[in-house]
Amino acid sequence: MRASGETVRPAQHRRDGAFRLSVIVPMFNEEGSADAFFDAVLPVAAGLTDDFEILCVDDGSRDATSERVRARMGAEPRIGLIRFSRNFGKEAALTAALDNCDGDAVVSIDADLQMRPEVIADMVTKWRDGWDVVAATRADRATDSGLRAFFSRRFYLYFNRISETPIPPETGDFRLLDREVVLALRQLPERTRFMKGLFAWVGFSTTTIDYDHGERHAGTSSFKLWKLWNFALDGITSFSTFPLRVWSYVGFASAFMAFIYGSWIVIRTLIFGIDVPGYASLLVFILFLGGIQLISLGVMGEYLGRLLTETKRRPIYLARSTELPERDGARPADDKREAPR
């Protein structure tokens with residue numbers, strides 16, 4: 001399968017021989033993990049190919065993350081760094097890395113070492129077998145709190161029920177992408193980005209491998225429950241219109257029940273006469289319908305807000321500086337993204 005508008009893959013792409021590996025790493029306040037991450041991932045990459053790069057994206061860190069990366073760049077020229085002008089979010093950091101990476105196989109991984117670098121070797125093996133996308137699936141959620149694990153499982157369950165683009169359960173951004181998948185992703189211009197959904201939307205042959213999710217090497221996660229809730233809303237509104245359609249069904253059901261209840265009142269009045277009106281029940285009914293209407297307006301507001309964001313056409317990210325790794329050769333022009341972000 002080839003992305004629309006792309007040419008035949010360049011000759012230097014070889015799954016059964018030498019290949020170029022890109023490891024892309026979004027970073028936010030990872031000063032404490034950066035050195036340990038490089039110590040873990042560099043031997044893995046070097047054991048797979050001599051032609052590799054590690055492209056880090058500093059997503060507006062408030063600590064010395066960029067300084068730690070630059071210190072390693074002095075000893076290892078295959079490490080690169082993109083610095084954002086501010087914090088744009090992990091999805092924007094992944095987008096920037098995908099826009100600038102240069103590998104035949106591209107692996108996205110976090111710097112906190114919860115995603116184990118040694119799994120990359122298994123991903124490359126699957127990629128050599130012919131899979132275009134190899135996604136790492138968490139074997140368990142022992143490192144998460146009970147509440148977070150509960151909501152995460154429910155999110156994957158409900159998302160796949162209402163979305164036309166299902167995503168593998170318990171699968172995050174730790175995955176390998178073939179070069180052709182990266183080129184397809186570069187064609188997607190939307191500003192509100194839910195990368196798990198975009199990875200699935202472009203299609204291509206996909207397989208999963210299980211791995212044990214580890215503890216963070218240092219620091220704490222910036223994804224708290226409220227942020228995860230908003231992230232889930234982004235995913236649902238980006239890949240499903242069910243929350244809009246459901247209010248048509250709610251309105252039809254409410255109208256039908258009102259018709260049945262009204263008919264019963266008419267029949268009862270004709271048979272038994274008029275009784276004392278039920279003001280309490282009437283008040284509860286009005287408040288119930290008012291709440292339903294406000295909820296439906298809120299859902300429509302979520303979609304309208306995202307439409308407003310798209311119409312502004314602001315860049316997904318702004319890079320303060322871009323220091324790409326050393327590369328033996330340049331890609332052809334048709335490998336580059338056609339439209340600027």
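This is a predicted model: local features need pLDDT of at least 70, side-chain atom pairs count only at pLDDT 80 or more; totals for chains, interfaces and linings use all residues.

Analyst: Directly after helix 4, G130 has a positive phi of about 115 degrees.

Helix 4 covers residues 119–128, and its buried residues are V119, I120, M123, V124 and W127. These residues lie on the same side of helix 4 because they span an arc of only 145 degrees around the axis. Their cover includes helix 1 (34–48), strand 4, strand 5 (133–138), strand 6 and strand 7.

Strands of a sheet pair through backbone hydrogen bonds, and the pairing can be parallel or antiparallel. Strand 4 has a partner of each kind. With strand 1 the pairing is parallel, over 4 bridges, and I24 stands opposite S108. With strand 6 the pairing is antiparallel, again through 4 bridges, and A105 has D178 of strand 6 as its bridge partner.

These strands belong to an open sheet of 8 strands with mixed pairing, in the order 7-5-6-4-1-2-3-8. Its edge strands are strand 7 (206–211) and strand 8 (319–323), each of which pairs on one side only. From one strand to the next, the twist averages 20 degrees.

Towards the strand 8 end of that order, strand 3 (residues 79–84) pairs with strand 8 in the antiparallel sense over 4 bridges. There, L81 has E323 of strand 8 as its bridge partner. Helix 2 (residues 65–75) packs on the sheet and touches strand 1 (21–27), strand 2 (52–58), strand 3 and strand 8. The direction of helix 2 makes about 155 degrees with that of strand 3.

Helix 3 (residues 90–100) brings the account back to strand 4. Helix 3 lies across strand 1, strand 2, strand 3, strand 4 (105–108), strand 6 (171–178) and strand 8. It runs at about 155 degrees to strand 1.

For context, the protein chain has 10 helices and 8 strands. Of its 341 residues, 43% count as buried. Among contacts between residues at least 6 apart in sequence, 84% join residues at least 24 apart.

Key. Residues are numbered from 1 along each chain as its sequence is written. Side-chain values use heavy atoms; hydrogens and water are left out. Two strands pair if DSSP finds at least two bridges between them. Helices (H or I, at least four residues) and strands (E, at least two) are DSSP runs, numbered from the N terminus. Axes are lines fitted to C-alpha atoms, for helices over the stretch in contact, and angles run from 0 to 180 degrees between N-to-C directions. Contact means heavy atoms within 4.5 Å. Buried means under 20% relative accessible area, exposed over 50%, partly exposed in between (1.4 Å probe, protein chains only). The arc is that of the directions from the helix axis to the C-beta atoms.
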